[in-house]
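Biologist: I am new to this one. Could you show me the structure, and then take a few questions?

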Amino acid sequence: MKNLPEALALSPLFEGITEKDILPLLSCLTFKEREFSPGETILAEGERVDSVGLVISGGAHISMNDFWGNRSIVADLGPGDIFGEVYALSGGTNLSGVEVVAYQSSEILFLNFKRMITVCSSACDFHNRLISNLLKIVGEKNLMITEKMRCLTKRSTREKLLSYFSLESKKQGKNQISIPFNRQELADYLSVDRSAMSAELSRMKEEGIIDYRKNSFVLKLHHDQ
């Protein structure tokens with residue numbers, strides 16, 4: 001496991017908290033560290049959630065599976081990202097409605113949710129900052145869900161692709177973008193057939209709308225109609 005305070009300082013959850021304050025803060029929290037291999041399940045659907053997971057290194061996908069085993073990728077997780085907070089916050093049974101699976105060798109920190117949202121007796125400022133950061137992340141994720149719904153409500157595969165690429169271009173601030181999905185994962189994310197999507201990408205490239213190589217895409221402002 002890499003230097004923990006240094007790794008956590010890069011996470012939005014610990015934004016505004018210095019490395020020297022992270023260790024005292026961790027002493028207020030109950031946490032555990034685990035390593036996962038590619039393809040290993042980090043959080044299973046239906047599992048009780050009482051901790052917030054934080055990716056220290058590696059990567060994972062949050063996905064949902066229907067009755068027939070069809071997968072829909074909800075989000076990509078990288079270093080610094082958290083997961084499980086919505087289910088921990090929901091109360092009741094706290095059962096996960098998604099699964100989180102590592103696609104790289106990953107190091108995960110699990111933070112006890114109740115200890116996270118309960119300020120210790122010393123009422124340290126950095127614990128209050130942690131709670132504020134958590135609420136900010138929850139709000140930002142709600143916006144991300146709205147953005148994804150904007151893509152999914154498009155009728156055609158082309159419209160879904162263009163909507164997704166447009167959103168990524170705005171996020172990355174340029175017309176040459178890199179996406180965190182391979183072709184099957186992108187199809188799962190957009191809830192479209194992979195073969196149909198690949199054919200549509202080829203047509204869009206031929207028409208001069210986009211260019212691409214593997215996971216790198218260039219969005220072209222002017223193209224032949």
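**Rings, charges and a strand**

Modeller: This is a predicted model. Y212 has a relative accessibility of 18%. The cut-off for buried is under 20%, so Y212 counts as buried.

Biologist: How many aromatic pairs does the structure hold?

Modeller: Y212 and F217 form one of them, with centres 5.4 Å apart and 35° between the planes. That pair is tilted. The structure's count of aromatic pairs is eight.

Biologist: Is F217 buried or exposed?

Modeller: Buried means under 20% relative accessible area. F217 has 0%, so F217 is buried.

Biologist: Which residues form one aromatic cluster?

Modeller: Y212 and F217 belong to the cluster.

Biologist: Which residue has its charged end over the ring of Y212?

Modeller: For Y212 the distance to the ring centre is 4.7 Å. The residue over the ring of Y212 is K205.

Biologist: Now to V100. Where is V100 found?

Modeller: V100 has a relative accessible area of 1%, so V100 is buried. Beyond its neighbours within four places in sequence, V100 is in contact with residues including I42, L43, I62, L77 and F83. V100 lies within residues 99-102, which form strand 7.

Biologist: What separates the C-alpha atoms of V100 and R34?

Modeller: Along the chain, V100 and R34 are 66 residues apart.

Key. Residues numbered from 1 in each chain as written. Predicted model: local features only at pLDDT ≥ 70, side-chain atom pairs only at ≥ 80, totals over all residues. Heavy atoms only, no water. Phe/Tyr/Trp six-rings, centres within 6.5 Å; stacked < 30°, edge-to-face > 60°. Buried < 20%, exposed > 50% of the residue type's maximum accessible area, 1.4 Å probe, protein only. Lys NZ or Arg CZ within 6 Å of the ring centre and 35° of its normal. Helix = DSSP H or I, 4+ residues; strand = E, 2+ residues; numbered from the N terminus. Contact = heavy atoms within 4.5 Å.
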